[in-house]
Amino acid sequence: MEQRFVMKCGGSTLAALPDDFFGELRELQQSGVKPVIVHGGGPAISETLTKLGIETEFVNGLRKTNNDVLDVVEMVLAGRINKEIVRKIGMNGAQALGLSGVDGGLIQARPVANASEIGFVGDVMDVESGIIEGIMGMGYIPVIAPIGIDASGQRYNINADTAAGAVASHLGVERMIVVTDVPGILKTVNGEKHVLPSVTVEEIEEMIASGEIYGGMIPKVRAAIQCIQGRVREVVIVSGQEAGVLTRAVREGGVGTSIVQSKQRQV
């Protein structure tokens, strides 16, 4: 079975990644590993909305999305950020092809349960994985912007973590890599912070409740948990700034924090 992996990365994290990281992507691709990238871009969307004078608010961490906001979301995600990633991968000697969930009906979506208060935010119904397989078969790294579409042609803003988990699950990938700006989930032992090698979803909830995971780390770990769905059993959080981190995460493990559904699932 060929080795493939799905990597989720925020748009602002990707912009700050060193060239070495993209060099690793190239080497992995040249050695026969097939990466798939799903990216976000929340800060860039907020910045563009502000420039355009469009007000937006968040409901439980999800952006309230009307048609005006949706236009900007698509423009920023499927346009600027998607092409920036494709360009950076190309500049570092690998080949990438950018697309959004609208292309070929790649990400089939439906409105989330609280659509009446949040607007055009979607849940993933299905992923046309044959499109991704075809792009990988042609020798390109698929770079996917998380915008979905339904049968009527309505677009939906989809949380990037949810989209990444769905893409991985439909491709049959059990282990996902989430690239952030932190080396993993930190636990304080005897006054010193250490990266937890492995943690369950339940343990994370306990650490949030006890205040051990706090501030900006809470959305990061909650986001990683959202990737655990369908066939995805494990999500590894790593820092993109760490040298050799991608190769280690894909080939060896033992880097960052591995989040698993429950310990029983680990074999």
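1. A quick definition before anything else: buried means under 20% relative accessible area, exposed over 50%, and partly exposed in between (1.4 Å probe, protein chains only). This is a predicted model, where local features need pLDDT of at least 70 and side-chain atom pairs count only at pLDDT 80 or more, while totals for chains, interfaces and linings use all residues. Residues are numbered from 1 along each chain as its sequence is written, and side-chain values use heavy atoms, with hydrogens and water left out.

2. Salt bridges (a side-chain nitrogen of Lys or Arg within 4 Å of a carboxyl oxygen of Asp or Glu): the whole structure has eleven. One of them joins Lys8 and Asp161, at 3.3 Å from N to O. Lys8 sits in strand β1 and Asp161 in helix α7, 153 residues apart; helices (H or I, at least four residues) and strands (E, at least two) are DSSP runs, numbered from the N terminus. Worth a look: Lys8 is buried at 9% relative accessibility, and Asp161 is buried at 8%.

3. Next, Arg155 and Asp71, whose closest N and O atoms are 2.9 Å apart. Arg155 belongs to strand β10 and Asp71 to helix α4, so this pair ties together parts 84 residues apart in sequence. Arg155 is buried at 17%, whereas Asp71 is partly exposed at 42%. Glu74 joins these two in a network of salt bridges.

4. Then there's Lys187 with Glu212, at 3.4 Å from N to O. Lys187 is in strand β12 and Glu212 in the loop between α8 and α9, so the pair ties together parts 25 residues apart in sequence. Lys187 is partly exposed at 29%, and Glu212 is partly exposed at 26%.
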